[in-house]
Amino acid sequence: MKKQQLILVGSGVVLLCLIYFFGRTIPPKKNPGAVAAAAGTKEITFKTILEASKQQLSPALQAQVAQLETAVVRGDVKEQQIKVYKQLAAFWKDSAHLLLPYGYYSAQAAKLENSQKSLTFAAQFFLEGIRRQENPDLQRWMAIEAKELFEKALQIAPNNDSLKVGLGSCYLLGNISDNPMQGIMMIREVAERDPENMYAQFQLGLGSLISGQLDKAIDRMLKVVQHQPENIEAILILAEAYEQHNDKANAVKWYNESKKHIHNADVVREIDERIKLLGNK
């Protein structure tokens, strides 16, 4: 394993953790493409992520996780394995404060439990994390993990529209298919059959923003905020879309609207900086 790749994966592991615990509300401005190029084309595996994560641990925590890993190998009964996977997940979240291993071990337990609830929870964790993760290689790994979990949940509940939208979003956000329309079609099928499904509308709007179809992104997000006026993510994505569209007046309008729903002074200051920059352009 290349040392450079391990360092980049490690930074992505820590970054995701910081964003989850301290939050990122405003869409990032920087392009992570340079990080992807530096990381190389080698497919990231959980072994790489785990090694990079362990380097963040103190010797005492490394010894603690080694004991838990040994217990997984010895667990020859499914219930024992589920229990240890959950213990490993709790360790990485509560003691190590690193969330990619937490997500992985939560997913392993969910696959053994094979309940719609546990599979959906684990899948949504990875899906939500994709947009918080700036390393594209880690985004792809998370999307692949989420895809498998959504597919397993759909075997249990094949008519669940939220699961269908989630699965489509893995393709849309995770760059796991050569055909980007594959995910769009899954989500669009739900949105066309049920135009009031705001989860589908939101994901389609996000996909339009990512692909640079700003008019479509604005239309979708306007629909979402009309139905869900306190949806802070939709409001901020709408402001971002207007900003990229060079519609400064509407960008400022929606950035100001977002501040009504945010109670974190640091985030409000960041939004104010965005508004100030728009005024200087």
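Tutor: In this predicted model, helix 12 and helix 13 cross in a left-handed manner.

Student: What makes the crossing of helix 12 and helix 13 left-handed?

Tutor: A crossing is given that label if the near helix is turned anticlockwise from the far one by less than a right angle. The crossing of helix 12 and helix 13 is left-handed in that sense.

Student: What is the angle between helix 12 and helix 13, and how far apart are their axes?

Tutor: Helix 12 (residues 214-227) packs against helix 13 at about 155 degrees, and the axes are 9 Å apart. Angles over 145 degrees count as roughly antiparallel, and helix 12 is therefore roughly antiparallel to helix 13.

Student: Which residues make that contact between helix 12 and helix 13?

Tutor: Helix 12 contributes Leu214, Ala217, Ile218, Met221, Leu222, Val224 and Val225. From helix 13 come Ala234, Ile235, Ile237, Leu238, Ala241, Tyr242 and Gln244. By class, this contact has 13 nonpolar residues, 1 polar residue and no charged residues.

Student: Why is helix 11 called roughly parallel to helix 13?

Tutor: Helix 11 (residues 198-210) and helix 13 (residues 232-244) pack at about 25 degrees, with axes 11 Å apart. The cut-off for roughly parallel is an angle under 35 degrees, so helix 11 is roughly parallel to helix 13. Their crossing is left-handed. Phe202, Leu206 and Leu209 of helix 11 make the contact with residues of helix 13, including Glu233, Ala234, Ile237 and Glu240.

Student: Which residues of helix 14 and helix 15 meet?

Tutor: Among them are Lys248, Ala251, Val252 and Tyr255 in helix 14, and Val268, Ile271, Asp272 and Arg274 in helix 15. The contact has 7 nonpolar, 2 polar and 4 charged residues.

Student: Which residues line the second largest pocket?

Tutor: The lining includes Lys86, Tyr102, Ser106, Glu113, Ser118 and Phe121; residues count as lining if they have an atom within 4 Å of a point. The pocket holds about 190 Å³ of space. Helix 5 (78-95), helix 6 (99-113) and helix 7 (116-132) each give two or more residues to the lining, and helix 6 supplies the largest share, 5 residues. The lining comprises 7 nonpolar, 2 polar and 2 charged residues.

How values were computed
Residues numbered from 1 in each chain as written. Predicted model: local features only at pLDDT ≥ 70, side-chain atom pairs only at ≥ 80, totals over all residues. Heavy atoms only, no water. Contact = heavy atoms within 4.5 Å. Helix = DSSP H or I, 4+ residues; strand = E, 2+ residues; numbered from the N terminus. Nonpolar A, V, L, I, M, F, W, Y, C, P; charged D, E, K, R; others polar. Axes fitted to C-alpha atoms, helices over the stretch in contact; angles between N-to-C directions. Parallel < 35°, antiparallel > 145°, perpendicular 65-115°, else oblique. 1 Å grid on protein atoms, 1.4 Å probe; cavity = no way out; pocket = protein on both sides within 12 Å on 5 of 7 lines; lining within 4 Å. Points joined across faces, edges and corners; volume = space filled by probe spheres on them.
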